[in-house]
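Q: Hi! I'm new to this one, could you walk me through it?
A: Happy to, let's bring it up.

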Amino acid sequence: MRHLVGILVGLVGTAVALLVAGAGMGIAYESMMRMDLDRVPAGSGLLLVGGLLLGAVVLAARLSPGAPLTGAVLLLAGSAWTLFDPQAPFALGRGLGYLLSLQYGMLLAGLLAVAAFIVPRRRAEPGPPPSWAHGPSSGPVVH
């Protein structure tokens with residue numbers, strides 16, 4: 001059941017992150033092209049929020065490795081789609097088109113795939129101290 005939840009978190013989280021980052025990419029890229037530099041920070045802020053959302057998908061690997069792996073597959077599929085039809089993602093929005101057509105999705109897919117295979121560190125239950133830690137005292141040292 002946790003893997004199903006992880007897959008859903010990866011799918012929804014990556015889709016939302018793509019939409020937010022795509023909006024930010026569109027604002028930043030178009031503002032730079034028009035030399036409307038007052039709007040660039042807004043686009044950069046949206047890109048940062050999209051990155052934080054992808055970071056949340058990475059953190060969901062503690063729930064299930066399926067979360068970042070699903071995100072990686074989604075990004076990989078979106079970027080591979082642009083190799084066959086470069087104009088198609090622009091129908092979903094200019095920023096998302098730039099993000100996928102410039103193959104940033106491949107970069108992010110690689111990062112998510114690596115995160116899926118990093119084993120989360122589990123904390124061990126505290127147990128009794130080792131036997132040598134509280135051994136009998138040898139007494140004072142006399143010379």
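**A first look**

A: Leu63 has a relative accessibility of 35%, so this residue counts as partly exposed. Keep in mind that this is a predicted model.

Q: Where is Leu63 found?
A: Leu63 sits in the loop between α2 (40-59) and α3 (66-84).

Q: And which nonpolar patch is Leu63 in?
A: Leu63 forms a surface patch with Met1, Leu4, Val5, Leu8 and Val9, and together they have about 550 Å² of accessible area.

Q: Let's zoom out. How many helices and strands are there?
A: The protein has 5 helices and 0 strands. Starting at the N terminus, the order is α-α-α-α-α.

Q: What about the inside, how much counts as buried?
A: Of the protein's 143 residues, 31% count as buried.

Q: Which residues of the largest nonpolar core touch the most other members?
A: Those are Leu18, Leu75, Leu96, Leu99 and Leu112, in a core of 14 residues. At least two residues of this core come from each of α1 (2-33), α2, α3, α4 (94-101) and α5 (104-117).

Q: Take Leu112, then. What does it touch?
A: Leaving out residues up to four places away in sequence, Leu112 touches Thr14, Leu54, Val57, Val58, Pro68, Gly71, Ala72 and Leu75.

Q: Across the protein, what share of contacts joins residues 24 or more positions apart?
A: Among contacts with a separation of 6 or more, such pairs account for 68%.

Note on methods
Residues numbered from 1 in each chain as written. Predicted model: local features only at pLDDT ≥ 70, side-chain atom pairs only at ≥ 80, totals over all residues. Heavy atoms only, no water. Patch = residues over 30% accessible without salt bridge, like charges linked within 9 Å, V, L, I, M, F, W, Y side chains within 5 Å. Areas by Shrake-Rupley, 256 points an atom, 1.4 Å probe, with all protein chains shown as cover. Salt bridge = Lys/Arg side-chain N within 4 Å of Asp/Glu carboxyl O. Helix = DSSP H or I, 4+ residues; strand = E, 2+ residues; numbered from the N terminus. Buried < 20%, exposed > 50% of the residue type's maximum accessible area, 1.4 Å probe, protein only. Contact = heavy atoms within 4.5 Å. Core = buried A, V, L, I, M, F, W, Y, C linked by side-chain atoms within 4.5 Å.
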